[in-house]
Amino acid sequence: MEYHAELDRPLVPIDSGSAMSGALELKQVRLYTNPDRPVTLALNDGKIERITTAESHQPESPGGLSLDMQGRLAVPGMIDLHIHGAGGADVFDGTPESLRTMSTTLGRLGTTAFLATTMINQARNNQHLAKT
């Protein structure tokens with residue numbers, strides 16, 4: 001199976017800080033609502049503009065990226081409402097770098113939003129709760 005670095009990050013609206021911009025066409029992708037019928041997703045600046053079936057699909061204009069998804073499943077981004085850490089970083093670390101590591105790791109795994117959760121740690125004098 002061929003590796004595409006473009007597939008190793010979530011597709012989110014460009015106004016939420018994504019690096020994904022321009023036209024992108026995802027061919028032979030299955031939607032979670034109807035996984036038995038592959039479609040083509042046409043995206044622009046990270047937002048879905050059009051969903052077409054193989055029978056009605058018109059090729060995109062040149063200049064955009066087109067990827068054969070080989071039947072992969074498209075699902076909405078996940079929202080994690082209680083997480084203490086990811087990617088070797090922990091909210092207890094109390095640093096912006098830890099939150100960036102968590103964000104990058106979770107994004108690669110399909111999480112589009114998360115609530116960094118911590119708890120009181122009197123042994124560390126709750127330094128992880130202080131402003132940095």
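Biologist: Where is Ser-98 found?

Modeller: Ser-98 sits in helix H1, which covers residues 96-108. Keep in mind that this is a predicted model.

Biologist: Is Ser-98 buried or exposed?

Modeller: Buried means under 20% relative accessible area. Ser-98 has 8% relative accessibility, so Ser-98 counts as buried.

Biologist: Which residues does Ser-98 touch, beyond those up to four places away in sequence?

Modeller: Ser-98 touches Ala-89, Asp-90 and Asp-93. With Asp-93 there is also a polar contact between side chains, at 2.9 Å.

Biologist: How do I check the length of H1?

Modeller: Count 1.5 Å a residue. The 13 residues of H1 should then span 18 Å, and the end C-alpha atoms are 19 Å apart, so the two agree.

Biologist: Which residues of H1 are buried?

Modeller: Ser-98, Met-102, Thr-105, Leu-106 and Gly-107 are buried. The elements that cover them include strands S6 (78-83), S7 (85-86), S8 (89-90) and S9 (111-116).

Biologist: What follows H1?

Modeller: Gly-110 does, and its phi is positive, near 100°.

Biologist: How should I read charged pairs along a helix?

Modeller: Start with the general idea. An α-helix has 3.6 residues a turn, so residues three or four places apart point the same way. Now the case here. Arg-100 and Glu-97 both lie in H1, three residues apart, which is about one turn of the helix. They form a salt bridge, with the closest N and O atoms 3.4 Å apart. Glu-97 has a relative accessible area of 48%, so Glu-97 is partly exposed.

Biologist: How many salt bridges does the structure hold?

Modeller: Two. One of them joins the side chains of Lys-27 and Glu-25, at 3.7 Å from N to O.

Biologist: Is Glu-25 buried or exposed?

Modeller: Glu-25 counts as buried, because its relative accessibility is 4%.

Biologist: Now the strands. What general idea do I need?

Modeller: In a regular strand the side chains alternate between the two faces of the sheet. Here, take strands S1 (23-31) and S2 (34-44). S1 and S2 run antiparallel and are joined by six bridges. They form a hairpin, with two residues between them.

Biologist: Which residue is the bridge partner of Val-29 in S2?

Modeller: Val-39.

Biologist: Where else is phi positive in a residue other than glycine?

Modeller: Gln-28 is one case, with phi near 55°. Gln-28 is in strand S1. At 36% relative accessibility, Gln-28 counts as partly exposed. Gln-70 is another case, with phi near 50°. Gln-70 lies in the loop between strand S4 (65-68) and strand S5 (73-74). Gln-70 is partly exposed as well, with a relative accessible area of 48%.

Biologist: Which residues make up the largest nonpolar core?

Modeller: There are nine: Leu-24, Leu-26, Val-29, Leu-31, Val-39, Leu-41, Leu-43, Leu-67 and Met-69. The largest share, four residues, comes from S1. A second, separate core has six residues, including Ile-83, Ala-89, Val-91 and Met-102.

Biologist: What is Val-39 in contact with, leaving aside its neighbours within four places in sequence?

Modeller: Val-39 is in contact with Leu-26, Lys-27, Gln-28, Val-29, Leu-31, Ile-51 and Thr-52.

Biologist: How many helices and strands does the chain have?

Modeller: One helix and nine strands. Along the sequence they follow the pattern β-β-β-β-β-β-β-β-α-β.

Biologist: What part of the chain do buried residues make up?

Modeller: Buried residues make up 26% of the 132 residues. As for contacts with a separation of 6 or more, 54% of them are between residues 24 or more positions apart.

Definitions and conventions. Residues are numbered from 1 along each chain as its sequence is written. This is a predicted model: local features need pLDDT of at least 70, side-chain atom pairs count only at pLDDT 80 or more; totals for chains, interfaces and linings use all residues. Side-chain values use heavy atoms; hydrogens and water are left out. A nonpolar core is a set of buried Ala, Val, Leu, Ile, Met, Phe, Trp, Tyr and Cys residues joined through side-chain atoms within 4.5 Å. Buried means under 20% relative accessible area, exposed over 50%, partly exposed in between (1.4 Å probe, protein chains only). Contact means heavy atoms within 4.5 Å. Two strands pair if DSSP finds at least two bridges between them. A polar contact is a pair of N or O atoms within 3.5 Å; within protein, one must be able to donate a hydrogen and the other to accept it, and residues adjacent in sequence count only if both atoms are side-chain atoms. The expected span of a helix is 1.5 Å times one less than its number of residues. A salt bridge is a side-chain nitrogen of Lys or Arg within 4 Å of a carboxyl oxygen of Asp or Glu.
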